[in-house]
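Reader: I am new to this structure and would like to learn how to read it feature by feature. Could you show me the model, and then take me from a single residue to its surroundings?

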Amino acid sequence: MLGTSNTRWRLAAVLGTLLLAGGCTDAVAPGIRPALKSAKHLSINSSSPTILQLDPGAPPLFNNGVSFWAKVGAQRSGKIYFQKKSGGPGKVYAELQVDGNSLRARPDGTPFVAGDSVLITMTVLSMTDILFEFAPSGLTFNSTNPATLVLDYSGAGADLNKDGVVDDEDQAIEQQLGIYRQATPGAPFVRIMSIRSMTKKKLMADVGGFSRYAIAY
């Protein structure tokens, strides 16, 4: 389960290492996930969250969704990008990495075996809220080698509460940011164990299955 010492160790190890996106990546572009520095662990919390919003001046999205094939025995990833001024893919907004041993079972409970693959789709649910949906719903990953989700919140800007003023309250909010999971539409959002880099403005979490995920506080 998330929150164990093994999970914290795994996340910390990933944060300290440059990982090449191996094999087949999403159709937009393969890439290198940057190492995150000044990472801080966040405690698990189930309070009612406020979903973080993008700043009106944030770059537009290059793609608001992506599909890629995850396969047993191969490392695959999908990425959603902000758009560069030139029109091409810019900073990575959301990335899901699936290792070769991550796939556990299909939505109907059928376990994955060697050579099996599944089409994974990542979708941006809001042009303002930092909120994503992952399909197929019910897909599960191995608890000892889960998929890894990395979300970028630099697009939220410095005025995190959107009150028109950048002050100590915004700094306090940043300290509380975490990744929250919504099991099904309409269900409560529950905070999961994550690691935050205030330097890189990113959050990372191991995920055991598919649903909706958001950055919130």
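Reader: Where is the place of Gln-176 in the secondary structure?

Author: Helices (H or I, at least four residues) and strands (E, at least two) are DSSP runs, numbered from the N terminus. Here Gln-176 belongs to helix H2, which covers residues 168–176. This is a predicted model, in which local features need pLDDT of at least 70 and side-chain atom pairs count only at pLDDT 80 or more, while totals for chains, interfaces and linings use all residues. Residues are numbered from 1 along each chain as its sequence is written, and side-chain values use heavy atoms, with hydrogens and water left out.

Reader: Why does Gln-176 count as partly exposed?

Author: A residue is buried under 20% relative accessible area, exposed over 50%, and partly exposed in between (1.4 Å probe, protein chains only). Gln-176 counts as partly exposed because its relative accessibility is 46%.

Reader: Which residues is Gln-176 in contact with, leaving aside its neighbours within four places in sequence?

Author: Contact means heavy atoms within 4.5 Å. With those neighbours set aside, Gln-176 is in contact with Arg-191, Arg-196, Ala-216 and Tyr-217.

Reader: Is strand E16 mostly covered or mostly open, and which strands pair with E16?

Author: Strand E16 (residues 212–216) is mostly covered, since 4 of its 5 residues are buried. Two strands pair if DSSP finds at least two bridges between them. Strand E9 (residues 131–135) pairs with E16 in the antiparallel sense over 3 bridges, and Phe-132 has Tyr-213 as its bridge partner in E16. Strand E12 (residues 178–182) also runs antiparallel to E16, joined by 5 bridges, and Ile-179 stands opposite Ile-215 in E16.

Reader: How many helices and strands does the protein chain have, and how much of the chain is buried?

Author: The secondary structure of the protein chain comes to 2 helices and 16 strands. Of its 217 residues, 44% are buried. Among contacts in the chain between residues at least 6 apart in sequence, 69% join residues at least 24 apart.
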